[in-house]
Amino acid sequence: HFHSVGIAILPELTSLYFDCHSNLPAFLLFAFKDTIDLSKFPVDRIRNFCIIAHIDHGKSTLADRLLEMTGAIATTDKNKQVLDKLQVERERGITVKAQTATLIYSHQGQQYLLNLIDTPGHVDFSYEVSRSISACQGVLLIVDANQGIQAQTVANFYLAFEAQLAIIPVINKIDLKNADPERVETQIEKVFDIPREECIRISAKLGTNVDKVLQAVVDRIPAPMASTDDPFKALVFDSNFDHYRGVVANIAVFGGRVKKGDRIVSAYLGKTYEVNELGLLRPHEHPTQKLFAGQVGYIIAGMKDVKEAQIGDTLYLQEQPVEALPGFKPAKAMVFAGMYPMDQSEYQGLRSAIERLTLNDSSVTVQRDSSMALGAGWRLGFLGLLHMEVFNQRLEQEYNASVIVTAPTVPYKAVLSSPKLIKEHGSEEITIVNPAQFPDRSVVSEYLEPMVLGTILSPDTYTGKIMTLCLNRRGIQKNMVYIDDQRVMMKYLFPLNEIVVDFYDLLKSLSSGYASFDYENAGYQAADLIKMNILLNGQPVEELITIVHRGRAYSTGKAMCERLKDSIPRQMFEVAVQASIGSKVIARETIKAYRKNVLAKCYGGDITRKMKLLKKQAEGKKKMRRIGNVEVPKDAFINVLKRKDK
Ligand SMILES: Nc1nc2c(ncn2[C@@H]2O[C@H](COP(=O)(O)OP(=O)(O)OP(=O)(O)O)[C@@H](O)[C@H]2O)c(=O)[nH]1
């Protein structure tokens, strides 16, 4: 038996041998390390938890330390943010997709199986947090010892609190010079009503007190309520797509057991599949023979599309049907934008890139769309603007696709008054995700706009500026409380449209980075809305059709024209930039003519330099969209919406 194992894993053995200076212990160590007998972990020695926090408070760093301390990964400098696998995640230093890892931890002579789910901190991805929470019994709520409680700390706390999970407050970054754990403990007592004695002070970076976190996980988080004697029942809490093996679903087993070869049914679609592979995520896939009640792992069962492994779906054995678990609400798209290929010849390529990317992100909604100006394309729905930017960046980076993205819009509603239209749509109320299709006032009895309840936390020195900003964005203050002697928490009701593009950036800059913001859906409200067109030399620009509040039409139109003037380079002729409502022009700017001669820099006849410059100019042009005879840089469509409130 040893011989066969030894040959199969020789490279690992060699390196272990050098570490240990003795062949045999290394050999045994590896042999033990690689075989996990899951049946040795009865339910009472399993803990399922996730780490939740405001962005950058150190979730991923703490996850790395926990993985290292339990031997799931080696202690090297290379293991920074091991769970952040995507290129965008590493570049932007943010977690976009929740990841799972199983750890084996020895505590007071017992071995425990700990399932850790790392979650993203940004508001756009709070949907990932709520689904991670549904697979857990407890959370580590991380708070930065310097920054204290922030908006997402509050939002995430309530997600865990409402799900009745055990909450372990962890104060991170105590190594920082300005760390003030005392003050953070006061905030935790005041805002969350958790006694300060329950807080664990750590430095995830240096590893200080991280062992106490592991102990607390075992001592304070209850074991899952699940029994291996029940019929098999599992919750799909995440899924992703692998080109070779199909859908890999992450599951939390709520009862019974499942093994390779079993025939399972997805409750949502009622389809039957055969289990090809299953196992743990440590954090890389680690196949096992079975998965038992209480455990968290992955399963591959020949599903061809992530839609077959719906998040929140229940899996059960074909011969033992069970009642489906409650599941959870599907993610709701809050921001819509059109996506079109730069050139219609790239349509097929872009289609397959979008298809492949959405295979892995089921929260993006895709509808085919077409426009006179842009040709055939799609209208995509995202959870927020960052989500949209990340998706766009992934399209460009991972699939080398070049796309035109139209100005983002929120889902408005209209209550129709025309019986003909009501019949056509099959209902009185319609949702409008494409401003070009905004119905005229004459056929509508009421327009409705989506609202959100925003939470802002900030040092009180910025309160005045923040209140002015909120007022400018049609915000209505609902509440304001002090969470300690210097910091305030404010609640505002906003139209989603007013905060979706740049509110967060402005809030950050006017508070020197100290204020934080989060929001949740707050239904719809009636609003006086109109459609505004932007024209370039008299030609309407479809990407820039905007729905505005009537009272804002003039100022928004003026600001958009001004910004468009700044984003469009001068052309060889004069360009008029206009905003209009119906046929009435409400604002105008002029871009003066200018002749750009790229060859002016070349003296004489160096032909290769000349060719190089011409090529560079042609590449620059590819990033431009031609409207009438005007060249517009493709990022102008989004930049033009970003306001510069004072
Ligand atoms: N000084 C100090 N820095 C830390 C500590 N823990 C994390 N950091 C740093 O804080 C920054 C953010 O840490 P991450 O672990 O990426 O934070 P996160 O909460 O996972 O961030 P998101 O995934 O984007 O929500 C990184 O630069 C870390 O190096 C700590 O204990 N001390």
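This is a predicted model: local features need pLDDT of at least 70, side-chain atom pairs count only at pLDDT 80 or more; totals for chains, interfaces and linings use all residues.
Residues are numbered from 1 along each chain as its sequence is written. Helices (H or I, at least four residues) and strands (E, at least two) are DSSP runs, numbered from the N terminus.

**Helix α8**

- The end C-alpha atoms of α8 (residues 181–192) are 16 Å apart, which agrees with the 16 Å that its 12 residues should span at 1.5 Å a residue, the expected span being 1.5 Å times one less than the number of residues.
- Pro-181, Val-184, Glu-185, Gln-187 and Ile-188 are the buried residues of α8, where buried means that 20 or more other C-beta atoms, placed from the backbone, lie within 10 Å of the residue's own.
- Seen down the axis of α8, these buried residues fall within an arc of 160°, so they line one face of the helix; the arc is that of the directions from the helix axis to the C-beta atoms.
- The buried residues of α8 pack against β4 (138–144), β5 (166–172) and β6 (200–201).

**The open sheet**

- Eight strands form an open sheet with antiparallel pairing, in the order β11-β10-β16-β7-β8-β15-β12-β13, two strands being paired if DSSP finds at least two bridges between them.
- The edge strands, β11 (272–274) and β13 (285–287), each pair on one side only.
- Over 3 bridges, β10 (residues 263–266) pairs with β16 (residues 314–317) in the antiparallel sense, and Ile-264 stands opposite Leu-317 in β16.

Methods
A residue is buried if 20 or more other C-beta atoms lie within 10 Å of its own, exposed if 12 or fewer, and partly exposed in between; C-beta atoms are placed from the backbone. Two residues are in contact if their C-beta atoms, placed from the backbone, lie within 7 Å.
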